[in-house]
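Notes below, in the order I looked things up.

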Amino acid sequence: MAQITLKNLAHSYVANPSGDKDYALKELNHVWQDGGAYALLGASGCGKTTLLNIISGLLRPSHGQVLFGDRDVTQAETSERNIAQVFQFPVVYDTMTVRDNLAFPLRNRGMDAAYIKARVGQIAAMIGVEAMLDRKARGLTADAKQKISLGRGMVREDVNAILFDEPLTVIDPLMKWELRTQLKQLHREFRHTMIYVTHDQTEALTFADKVVVMHEGRVVQMGTPEELFETPEHTFVGYFIGSPGMNLLNAEVRGNKAIVNGAEVALGADYGAVSGRTQIGIRPDYAVLTAGDGLPFTVARVEDVGRHRIVRGQAAGQPMNVILPEGTPVSAEMTHVALTPDRINVYADDWRVQGGTV
Ligand SMILES: Nc1ncnc2c1ncn2[C@@H]1O[C@H](COP(=O)(O)OP(=O)(O)OP(=O)(O)O)[C@@H](O)[C@H]1O
């Protein structure tokens, strides 16, 4: 196993890139700690697969280096990197049995038969394919084949890292939850460095200890699920994480106060003078409808979504969502919305501004 370091890494698919816009991956420096469970999260086209393919060696970066431990592997072939990779769609040998498919990476490495038997048994139990071990892979459902691909990715204990590229896309929703739980358990047991690419925040937040959020070819934040929720470093993280995402209101910020369309909002920290396009961000969970405190609020509609209600409306003339506990009535007296000062983040040109003591 190894720590993976990306140094001044950038990639363009264009032969002669002329600016930032030509880079699928803009310059980044990043360390994946040995044994960490990471999710790489972002919208379609933000560069997740490009980054993963550079780590695995399927793609050579236009600039920068990839280090496994102290070793520079930037120009090394995939086969020299000692990694396992699981793709979005199943990669299995149809003419082989499920057992032989799972054993393949171990036989390739010349492991002894008793070890292979035990390890294949262990992985088969984990992914729930024990009953089909002697069947040929041909004819199995896409779902079952993908489970075998996952099993093959996890069967070797001596890999530097396991890379997953949206591995649960073809798996049915119930099984998804189960496999995710098993991946997590496997990580706890073997402490492989795992990087799991997804555009699904639930998958990312339940699988990973640390989530790396990408936006338009950049890593905009790496943090625990709690950090991403409480202190998004970029407005994209605020919007992308949470359901609905963080509310962003255009504002002027002076010291420990924000002015939103003429109405004053108390902030939990002192921001001095903020320049650039300034917004305050508040999660719908930290806004409370009131009969007079806070910003004027008009209700547009109320949605019941199981464990809570989402009230969609306008705060001081700007779109805003508020989450209420299930069953809470929305009355005509709810004319304002109060924002919890400590939970407000301030953004200048989309990046979070650090506040000082009030
Ligand atoms: N082989 C290629 N040649 C040219 N452009 C490419 C190539 N592969 C990806 N791109 C472009 O690079 C950008 C990043 O793509 P990438 O596949 O890395 O994103 P992603 O976040 O993995 O998206 P998705 O979730 O849709 O797979 C996109 O604009 C894409 O069109």
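Predicted model: local features only at pLDDT ≥ 70, side-chain atom pairs only at ≥ 80, totals over all residues.

**Overview.** I get 9 helices and 22 strands for the protein chain. Its C-alpha trace spans about 75 × 50 × 35 Å along the principal axes. Of the 358 residues, 39% count as buried. I also checked contacts with a separation of 6 or more, and 65% of them join residues 24 or more positions apart.

**Cores.** The largest nonpolar core has 67 residues, and those touching the most other members are Tyr38, Ala39, Leu40, Ile195, Tyr196, Val212 and Val213. Strand β3 (residues 37-41) gives this core its largest share, 5 residues. I then found a second, separate core of 29 residues, with Met246, Ala315, Met320 and Val337 among them. As a reminder to myself, nonpolar side chains tend to be buried together in soluble globular proteins.

What does isoleucine 195 contact, leaving aside neighbours within four places in sequence? I list Trp32, Tyr38, Leu40, Leu52, Ile55, Ala161 and Leu163.

**Sheet.** Next I traced an open sheet of 4 strands, ordered β2-β1-β4-β5 with antiparallel pairing. β2 (25-32) and β5 (71-72) are the edge strands with a single partner each, so one side of each has no neighbour in the sheet. Between β4 (residues 63-68) and β5 I find 2 bridges, and the two strands run antiparallel. Leucine 67 sits opposite aspartate 72 in β5. Helix α1 (residues 48-56) packs on this sheet and touches β1 (4-11), β2 and β4, with its direction at about 125° to that of β1.

**Helix α6.** I checked the length of α6 (residues 173-190): at 1.5 Å a residue, its 18 residues should span 26 Å, and the end C-alpha atoms are 26 Å apart, which agrees. Which residues of α6 are buried? They are Leu179, Leu183, Leu186 and His187. Looking down the axis of α6, I see the buried residues within an arc of 100°, so they line one face of the helix. They pack against β3, α4 (113-127), α5 (142-154), β8 (193-198) and α7 (201-207). On the other side of α6, the exposed residues are Leu174, Glu178, Thr181, Gln185, Arg188 and Glu189. Just after α6, I noted that arginine 191 has a positive phi of about 55°.

How values were computed:
Residues numbered from 1 in each chain as written. Pairing = 2+ DSSP bridges. Contact = placed C-beta atoms within 7 Å. Axes fitted to C-alpha atoms, helices over the stretch in contact; angles between N-to-C directions. Core = buried A, V, L, I, M, F, W, Y, C linked by C-beta atoms within 7 Å. Buried ≥ 20, exposed ≤ 12 C-beta atoms within 10 Å, placed from the backbone. Expected span 1.5 Å × (residues − 1). Arc of directions from axis to C-beta.
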